[in-house]
Amino acid sequence: MFLKLNDGDRSVYVNMNLVTDFVRYHPDDRFTQLITVAAGAKAARAILVIETPQQIYELLEYEQQRSANLSKRGGSG
């Protein structure tokens with residue numbers, strides 16, 4: 001699942017299926033660091049976004065619910 005997040009300057013689309021961890025990282029708590037890995041990658045990648053971990057959890061929950069509702073509608077006809 002991709003989430004549209006913001007790095008402070010622009011929107012970034014993050015494949016949350018590849019995110020292994022995220023934590024508020026910057027000393028003044030302005031950024032959350034997301035750690036991503038992909039099959040065959042030589043190293044993990046860090047992405048900094050301005051959303052808080054709580055906001056990211058809420059976006060994930062919203063997208064999961066939206067996806068479940070779409071599946072219900074598609075399977076009922």
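## Structural report on a predicted chain

Met 1 touches Val 14, Asn 15, Met 16, Asn 17, Leu 60, Glu 63 and Gln 64, with residues up to four places away in sequence left out of the count; contact here means heavy atoms within 4.5 Å. Met 1 belongs to the segment before β1. Its relative accessible area is 28%, so Met 1 is partly exposed, on a scale where buried means under 20% relative accessible area, exposed over 50%, and partly exposed in between (1.4 Å probe, protein chains only). Between the C-alpha atoms of Met 1 and Val 23, which are 22 residues apart along the chain, the separation is 19 Å.

The model is predicted: local features need pLDDT of at least 70 and side-chain atom pairs count only at pLDDT 80 or more, whereas totals for chains, interfaces and linings use all residues. Residues are numbered from 1 along each chain as its sequence is written, and side-chain values use heavy atoms, with hydrogens and water left out.

**Overall architecture**

The chain contains one helix and five strands, arranged along the sequence as β-β-β-β-β-α. These elements are DSSP runs numbered from the N terminus, with helices (H or I) of at least four residues and strands (E) of at least two. The radius of gyration of the chain is 15 Å, while a compact globule of 77 residues would have a value near 11 Å; the radius is taken over C-alpha atoms, and the globule rule is 2.2 Å times the number of residues to the power 0.38. The C-alpha trace spans about 50 × 30 × 20 Å along its principal axes. Of the 77 residues, 26% count as buried. Among contacts with a separation of 6 or more, 32% join residues 24 or more positions apart.

**Residues in the strands**

Leu 34 is in strand β4 (residues 32–36) and counts as buried because its relative accessibility is 0%. Beyond four places in sequence, its contacts include Leu 5, Phe 22, Ile 47 and Ile 56. Thr 36 also lies in strand β4 and, at 11% relative accessibility, counts as buried. Leaving aside neighbours within four places in sequence, Thr 36 is in contact with Leu 18, Val 19, Ala 44, Arg 45 and Ile 47. Lys 4 is placed in strand β1 (residues 2–6); with the neighbours within four places set aside, Lys 4 is in contact with Ser 11, Val 12 and Tyr 13.

Two C-alpha to C-alpha separations for these residues are tabulated below.

| Pair | Apart in sequence | Apart in space |
|---|---|---|
| Leu 34 and Phe 22 | 12 residues | 4.3 Å |
| Lys 4 and Ile 47 | 43 residues | 13 Å |

**The largest pocket**

The largest pocket holds about 170 Å³ of space. A pocket is an open set of points on a 1 Å grid over the protein atoms alone, where a 1.4 Å probe fits, with protein on both sides within 12 Å along at least five of seven lines; lining residues have an atom within 4 Å of a point. Thr 36 is one of the lining residues, which also include Asp 7, Arg 10, Asn 15, Leu 18 and Leu 48. The elements giving two or more residues to this lining are β2 (11–15) and β5 (45–49), and β2 supplies the largest share, four residues. The lining divides into six nonpolar, two polar and three charged residues.

Conventions: Points joined across faces, edges and corners; volume = space filled by probe spheres on them. Nonpolar A, V, L, I, M, F, W, Y, C, P; charged D, E, K, R; others polar.
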